[in-house]
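Grab a pencil and work through these exercises with the structure open beside you. Try each task before you read its solution.

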Amino acid sequence: MNNRKILEDVYNDFFGRNIEHEPVEVQREPVEIQPSQDKEVLDQDKINQIDTLFIEEESKELIKKMIKYMEVSSIDKDKIYLPFCITALVEDKKEVEKITDILMYYATKYHYIDSSKMKKISLYDLEKPEEINSIYQDNGMILLENLDALSMNDATFHKKFFHNFLEKINDRKITILTGKKEVIKNFLLENTNLENYFSFSLKGVSPTVNDIYQEVIEKVSKQKLGEDLQVKILDYVSNTYPKSEQSYSNYIDTLCKYISFYEDTPKLEEAKTKEEVFKELEELVGLKKVKKTFYDLVDLITLKNKTKEELKLKNINLHMVFLGNPGTGKTTVARLIGDILYDLKYIKQNKVVEVSSKDLVAEYVGQTAVKTMNVIEKAMGGILFIDEAYALADKNDKNSYNGEAIATLIKAMEDYRDNLVVIFAGYTKEMQDFLDSNSGIISRIGYTLEFDDYTNEELIEIFKGMVEKAGFILEE
């Protein structure tokens, strides 16, 4: 049964007429709704807020139809009750909060749900499938996030979760699935009935540069913004927003805080040119094999960019492994790779997020995947550099926390290969153990760079360079 179809049919039946002049016939005693003037104002504010949401026009109309359906159901008790099971294909979390706030307000006002409480739950935190029962019993609206957590659990959990989940669908609840489009799509494909249950879909749209600019101006309007500053804000937004990996609400909040405090915009990032990067690379002592690989990589990407579709080059896999002792230049080269990939427009942001195993692995069951994904999100659009990555292959890891981090990384390397470059670095021997710990790692590595130890002569050359940069002169 497609609930969306029922809503459309019933809605057209009830509201196809001019409802202002032809009221709905009431078969039972109506619920007395006498809103105060303040509530009327709040109602209008909520309705107006729908039109400001960054979602498709059809989705805005769908929300309004749901609200009207709730209103009629509160008056005519004989009408079909529809459990609103919604997919919110809206990646900005604050935008999802606005949608849930609007729906929760009206669902509570018209007693459409059996509880005025709302629960937001990450499936990473759902350790036992039976927990879903108490969550549904206690709450009228349930917002489910991080659906990709299901792919990291065994099949038993998977099936039990769906069983318990579907059992509760027909109660007086509103259930919302939120997250990335592909994740939700895969979630629904796990059960053929799910697409019919979740037939209400709200689809987000990306704000334009002008939308973002207007939001920023409105938020900082209490300050007296001179014309010059407004021009700078527009210039900054035009240059940075299209490349930003932040959600648009976080982007706006961060920029507004900066403008409010400094009464200015942040400085625009000045990217290094390819020539400047090559100059820095050549100034590094030694590293002959690394430099050759670096140049080969740049040539390949440049060729791919120039030929576009003329040559059938496969997508370049840029995930890497850096092998070598500490102090051999691995981090420095990673930063240079970030500069060059940004110059070649292979990554959207010139950033290298540097972490170690402790930044990925949590202390409690079920938290490692969340912690690792948070790090991945920060690195999205740039490079994630994991130093001493071999620590993730800890053989004493009895609770498989480290294995959970590795599995999360492997999945992200595949899912976001066009928007993220992962570099694992560490001692040569220990890194071999790490690579052997999971066959999925090696299959996703495109380049392996070996950083040899410096010779005595190279060390002397490095020392002379450091002394010279510090402004000193060495005597013979």
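**Exercise 1.** In which sense do strand β6 and strand β9 pair, and over how many bridges?

*Solution.* A quick word on the ground rules: this is a predicted model, where local features need pLDDT of at least 70, side-chain atom pairs count only at pLDDT 80 or more, and totals for chains, interfaces and linings use all residues. Residues are numbered from 1 along each chain as its sequence is written, and side-chain values use heavy atoms, leaving out hydrogens and water.

Step 1: find β6 at residues 320–324 and β9 at residues 421–426. Strands here are DSSP runs of E with at least two residues, and helices are runs of H or I with at least four, numbered from the N terminus.

Step 2: check the pairing, which takes at least two DSSP bridges between two strands. These two run parallel, over 4 bridges. One to spot: valine 321 has phenylalanine 424 in β9 as its bridge partner.

**Exercise 2.** Work out the strand order of the open sheet and find its edges.

*Solution.* Step 1: the order of the 5 strands is β7-β8-β9-β6-β10, with parallel pairing.

Step 2: β7 (352–355) and β10 (447–451) each pair on one side only, so to speak the edge strands.

Step 3: look for helix α13 (residues 288–307), which packs on the sheet and touches β6 and β10. Contact means heavy atoms within 4.5 Å.

**Exercise 3.** Which residues have the most contacts inside the largest nonpolar core?

*Solution.* Step 1: know the term. A nonpolar core is a set of buried Ala, Val, Leu, Ile, Met, Phe, Trp, Tyr and Cys residues joined through side-chain atoms within 4.5 Å. Buried means under 20% relative accessible area, with a 1.4 Å probe and protein chains only.

Step 2: in this core of 54 residues, the answer is Leu384, Ile386, Phe424 and Phe434. Helix α16 (residues 401–415) gives the most to this core, with 7 residues.

Step 3: zoom in on phenylalanine 424. Beyond four places in sequence, its contacts include Val321, Ile386, Leu409 and Phe434.

**Exercise 4.** Is lysine 60 buried or exposed?

*Solution.* Step 1: locate lysine 60 in helix α3 (residues 57–75).

Step 2: its relative accessible area is 7%, so lysine 60 is buried.

Step 3: follow the side chain of lysine 60, which reaches the backbone oxygen of aspartate 51 at 3.0 Å. Leaving aside neighbours within four places in sequence, lysine 60 is in contact with Ile50, Asp51, Leu53 and Ile55.

Notes: Axes are lines fitted to C-alpha atoms, for helices over the stretch in contact, and angles run from 0 to 180 degrees between N-to-C directions. Buried means under 20% relative accessible area, exposed over 50%, partly exposed in between (1.4 Å probe, protein chains only). A polar contact is a pair of N or O atoms within 3.5 Å; within protein, one must be able to donate a hydrogen and the other to accept it, and residues adjacent in sequence count only if both atoms are side-chain atoms.
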